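Work through the exercises below with the model open. Try each task before reading its solution.

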Amino acid sequence: MKKIFLALLVSAVLFSCKNDSKKDTSSTEITTENVDGKTAKQNDGLTLVVGEFVYYADAAVIQTNTTVYGVVIDKKMHELNDVAQQYKKEATDYVTVEVRGKIILKPQNEEGWDYRVEIKEILKVSASKADENNVIKLGTK
């Protein structure tokens, strides 16, 4: 009786472990597909960048959860800034953006962020959440 119980216990453990490993593999595959930030249209070499955008005093930046990109100042960046103006209360406010663009490594002899994004397509622009825009203002009202 003990041998039968032990055999059933061992087989139950082996079968339950086998099912768990399949679930882990599928979730890992989904995660690795989304990590690179690429969209479904990826035969053109552009990357999806989602983050907070600000343009002020001839400097443009998109800050994502993991990195900060300098933005190439060109016609498309000015177009994005024009759309973003309607969501800003002050010139230094951030707006949430989704853009597709080309990621470029910064030249070694220049100052600035390590990576730049040259915007090719503007997908979405929206106001940043008020609680995330933590700014301390000095001065009188």
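**Exercise 1: A residue in β1**

Val 50 touches Thr 64, Val 97 and Glu 98, leaving aside residues up to four places away in sequence; contact means heavy atoms within 4.5 Å. This is a predicted model, where local features need pLDDT of at least 70, side-chain atom pairs count only at pLDDT 80 or more, and totals for chains, interfaces and linings use all residues. Residues are numbered from 1 along each chain as its sequence is written, and side-chain values use heavy atoms, with hydrogens and water left out.

Solution. 
- Step 1. Helices (H or I, at least four residues) and strands (E, at least two) are DSSP runs, numbered from the N terminus.
- Step 2. The classes are buried under 20%, exposed over 50% and partly exposed in between (1.4 Å probe, protein chains only).
- Step 3. Thr 64 is 14 residues from Val 50 in sequence, and the C-alpha to C-alpha distance is 6.2 Å.

**Exercise 2: The sheet**

Task: In what order do the strands of the closed barrel run, and how do they pair?

Solution. 
- Step 1. The five strands run β1-β2-β3-β5-β4, with mixed pairing. Neighbouring strands are turned by 50° against each other on average, direction ignored. Two strands pair if DSSP finds at least two bridges between them.
- Step 2. Find the parallel pair β3 (residues 68–71) and β5 (residues 115–127), with three bridges. Val 71 has Val 117 as its bridge partner in β5.
- Step 3. Turn to β4. Seven bridges pair β4 with β1 in the antiparallel sense, and Leu 48 stands opposite Arg 100.
- Step 4. β4 is also antiparallel to β5, over eleven bridges. Here Gly 101 faces Ile 119 as its opposite.

**Exercise 3: Helix and core**

Task: Which residues of α2 are buried, and what covers them?

Solution. 
- Step 1. The buried residues are Met 77, Leu 80, Asn 81 and Ala 84.
- Step 2. Now take the largest nonpolar core, of 16 residues; Leu 80 and Val 71 are among the members that touch the most others. Each of β1, β2, β3, α2, β4 and β5 supplies at least two of its residues. A nonpolar core is a set of buried Ala, Val, Leu, Ile, Met, Phe, Trp, Tyr and Cys residues joined through side-chain atoms within 4.5 Å.
- Step 3. Val 71 has contacts that include Phe 53, Ile 62, Met 77 and Val 117.

**Exercise 4: Charged pairs**

Task: Where in the chain do Arg 100 and Glu 121 lie?

Solution. 
- Step 1. Their side chains form a salt bridge at 2.7 Å, N to O. The pair links distant parts of the chain, with Arg 100 in β4 and Glu 121 in β5, 21 residues apart. A salt bridge is a side-chain nitrogen of Lys or Arg within 4 Å of a carboxyl oxygen of Asp or Glu.
- Step 2. Arg 100 is buried at 2% relative accessible area, whereas Glu 121 is partly exposed at 23%.
- Step 3. Compare Arg 116 and Glu 110, which meet at 2.4 Å, N to O. Arg 116 is partly exposed at 25%, and Glu 110 is partly exposed at 36%.

Note on methods:
Axes fitted to C-alpha atoms, helices over the stretch in contact; angles between N-to-C directions.
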